[in-house]
Structure formats: structure tokens, C-alpha cells
Amino acid sequence: MSLDLSVQLAPQNKHGLLLSNPVMTASGTFGYGTEYSQVFDIQRLGAIICKGTTLEPREGNPQPRLYETASGLLNSIGWQNIGVKALIKEKAPIWADWRVPVIVNIGGDTVDDYARLAEELDGIAGVSGIEVNISCPNVKVGGAAFGVNPDSAAGVTAAVRAATSLPVIVKLTPSTADIAGVAAAVAEAGTDSVSLINTLRGMAIDIDKRRPAIGNIICGLSGPAIKPVALAMVYEVAGAINVPVIGCGGISSAEDALEFIMAGASAVQVGSATFGNPRASLDVLEGIERFMEKEGIKSLSEIIGSARQ
Ligand SMILES: Cc1cc2nc3c(=O)[nH]c(=O)nc-3n(C[C@H](O)[C@H](O)[C@H](O)COP(=O)(O)O)c2cc1C
């Protein structure tokens, strides 16, 4: 049976963001894609989202920055990255030869930083879209501070929208009282789609040292522990807006991904699961294909939001 897994994540955008399938890698968990090209055929993925990128290179937060919990991972990497100029010079030319679209995740301290990043990336061969991170809990300024309320989230979105013709995805934080309200505001401000969720705030304490286990003290929780939270938010947001929704949070199997799709997500991102299984994203894709074959589903569109009726 020939299967149609393709999804359009920017239907209103002149370039569009057409993926051959709905499985993407989550920012910060797949480097620049190049690191994994030896591990499996990354060209089979729907899209790759690269590490959070800032105007200038950054060192990130103090060590230790990773801590494993019973059912998830705590991280406080911060925005360690090579900076947008090096990304354009060194990474984009590699991506330009790839079949798989690469989306650049951006972060900044001010609205102007986001706009300048969007402007720099506009028209760069190899860059198929921008994911706007207004949801990082691990930076002292910017990041999640913009994502917690509808007005500031819309402000960043409008500035990015005005600065680029590229497809724009706004990445939402779970650390808000009203995620559907924030989603509606960024949709109104012109984003092409939304992704959710970024990590939840969490911490751990090293009882021998009697100190926080992570240098940055409070950091971001990801992995299986956050899946039900993410799923509920995707369900809520998909019912509140008319732009495509990308689900993320604790996805490590095709079954997990299918739950998000049936909740209303047009695509999914695989994050922390890649650390335990470098080819987790491809396993998710192959599992979705097997499920569709077994169930006689020809097109993914048949099951997007199917749990909502
Ligand atoms: C080590 C690490 C680094 C991350 N870096 C970024 C980042 O730079 N930008 C971003 O938007 N999200 C970042 N995230 C969040 C993930 O993209 C994802 O939203 C989150 O981990 C939830 O998905 P998961 O449970 O599948 O990991 C990072 C997550 C981890 C674990």
C-alpha cells in the first residue's frame, strides 16, 4: 500500500513548509544534524530542527548541566551555540544539499534580537524555516519570559514575521497559566504554526553535597515524565487555533507520536529519546508507517485529530 505521510506546516506562507512525513527532531537534542548523518539516513526524517541559535556565539550555563531523574532528564544547557554568522557560513551550505528540510531554532534577550536573527536567516539557502524559542527556562533574560503571556509572545512573533518571509514556527512554554491564549495570540500575530512543549521547570538536589545537582539550580525537565502534560496542552491548543500544531514532549515511540497526532498535532518532535537511542526519530517514523499499514490508513490526514471527535 502506498502511504501518504506528507504534511504542510505553513499553508499560508508563500514558500510553504512541506514535510515528507511528520517526524522532526527537537531543538538541542540533534545538534546541527551533521553529527547524526553517520548513525542513520537522516534524509528520511520529516525535518531537522537545529540547536538554539543566538546572534553571538554562547558558552551556555555552568556545569553540571544534565541530570537523569526517574522518568526524565533535567538540563540547563542554556544557549550554547556557534552564533548565527558561523551557522550561515559553516552549516547552511551543508544543509542546502540535503533533501530533509532544516529549521533553525532562534533565541534572544530582546525582541530586536529575534527580529535581527530572522532577518539574517531570510533567504539563506539550506534554511527552510525558523522556530522561535520563547520558551527556554534556562536563560536569565529572554526565552520563556516572552512566552508566558499572550502580549509579549505576540510581540516577538510580529517582529519575526515582519523580518522574514521564511515559514515561522513559534515554540510555546508549558510555564504559563493559559497556553491556548498564548497560542491564539501568536497565531493572530502571524506565525505559520506552533510547536509545544518546551521543558517544564524542575530541579534536583545532591544530598551528599547538600547543594543543587545542577549548576543553574532550576532547569528544564524533559522525557517520558512530561508526555501526559504535553499531550493535554497539544489537545487544548489544537482546539483553540487554526494553524498547524507540532507536538513535543516525551515522545520515544510511534505509539507516543500517534497519541499526539490523534490529539490534533500535524507533526511531532523527538527530543530526549535520541540520547538513549540515537535513531529514535527514525524508529518513530517506521512505527507510524507500520501502524498505518496495519490499520489500512492511506493518508496521515485521516488520523490527525481523530481523538477529538
Ligand atoms: C539537552 C537539551 C537541550 C535543549 N535545547 C533546546 C534549544 O536550544 N531550543 C529549544 O527550543 N528547545 C530546547 N530543548 C527542548 C527540546 O527541544 C524539547 O522541547 C523538550 O526537551 C521536550 O521534548 P522531549 O521530552 O522529547 O525531550 C532542549 C532539550 C534538551 C533535553
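Biologist: At roughly what angle do the axes of helix α5 and helix α6 cross?

Modeller: This is a predicted model. Helix α5 covers residues 179-188 and helix α6 covers residues 227-238. Their axes come within 9 Å of each other, and the crossing angle is roughly 50°.

Biologist: Why are α5 and α6 described as oblique to each other?

Modeller: Angles under 35 degrees count as roughly parallel, and 65 to 115 as roughly perpendicular. The axes of α5 and α6 cross at roughly 50°. The pair therefore falls into the remaining class, oblique.

Biologist: Which residues of α6 meet α5, and what classes does the contact hold?

Modeller: From α5 come Ile179, Ala180 and Ala183, and these meet Met233, Glu236 and Val237 in α6. By class, the contact of α5 with α6 has five nonpolar, no polar and one charged residues.

Biologist: How far apart are the axes of α2 and α4, and are the helices roughly parallel or oblique?

Modeller: Helix α4 spans residues 150-163, and α2 packs on α4 with the axes 8 Å apart. The angle is about 25°, and angles under 35 degrees count as roughly parallel. α2 and α4 are therefore roughly parallel to each other.

Biologist: Which residues of α4 meet α2?

Modeller: α2 passes α4 in a right-handed crossing. On the α2 side the residues are Val111, Tyr114, Ala115, Ala118 and Glu119. Eight residues of this contact are nonpolar, one is polar and one is charged. The residues on the α4 side are Gly155, Val156, Ala159, Val160 and Ala163.

Biologist: Is the crossing of α1 and α2 left-handed or right-handed?

Modeller: Helix α1 (residues 84-95) and helix α2 (residues 111-121) have axes that come within 10 Å and cross at roughly 20°. α1 and α2 are therefore roughly parallel to each other. The crossing is right-handed.

Biologist: Which residues of α2 take part in the contact with α1?

Modeller: α1 contributes Val84, Lys85, Leu87 and Ile88. The contact divides into five nonpolar, no polar and two charged residues. The α2 residues are Leu117, Glu120 and Leu121.

Biologist: Which residues are closest to the ligand?

Modeller: The ligand is surrounded by 24 residues. The closest of them are Ser27, Lys171, Gly223, Gly250 and Ser272.

Biologist: How far is the polar side-chain atom of Ser272 from an oxygen atom of the ligand?

Modeller: A pair of N or O atoms within 3.5 Å counts as a polar contact. The side chain of Lys51 has an N or O atom 3.1 Å from a ligand oxygen atom. For the polar side-chain atom of Ser272, the distance to an oxygen atom of the ligand is 2.6 Å.

Biologist: Which residue is joined to Ile197 by a cis peptide bond?

Modeller: Ile197 is in the loop between β10 (193-196) and β11 (200-202). A backbone N or O atom of Ile197 is 3.1 Å from an oxygen atom of the ligand. Most peptide bonds are trans. Here omega is about 15°, and the cis partner of Ile197 is Leu196.

Biologist: What is omega for the cis peptide bond between Gln63 and Pro64?

Modeller: Pro64 sits in the loop between β4 (47-49) and β5 (66-69). The cis bond joining Gln63 and Pro64 has an omega of about -10°.

Biologist: What is the phi of Arg210?

Modeller: Most residues other than glycine have a negative phi. Arg210 lies in the loop between β12 (205-206) and β13 (211-212). Arg210 is not a glycine, yet its phi is positive, about 60°.

Conventions:
Residues numbered from 1 in each chain as written. Predicted model: local features only at pLDDT ≥ 70, side-chain atom pairs only at ≥ 80, totals over all residues. Heavy atoms only, no water. Axes fitted to C-alpha atoms, helices over the stretch in contact; angles between N-to-C directions. Helix = DSSP H or I, 4+ residues; strand = E, 2+ residues; numbered from the N terminus. Parallel < 35°, antiparallel > 145°, perpendicular 65-115°, else oblique. Left-handed = near helix turned anticlockwise from the far one by under 90°. Contact = heavy atoms within 4.5 Å. Nonpolar A, V, L, I, M, F, W, Y, C, P; charged D, E, K, R; others polar. Near = heavy atom within 4 Å. Polar contact = N/O pair within 3.5 Å; in protein donor to acceptor, adjacent residues only side chain to side chain.
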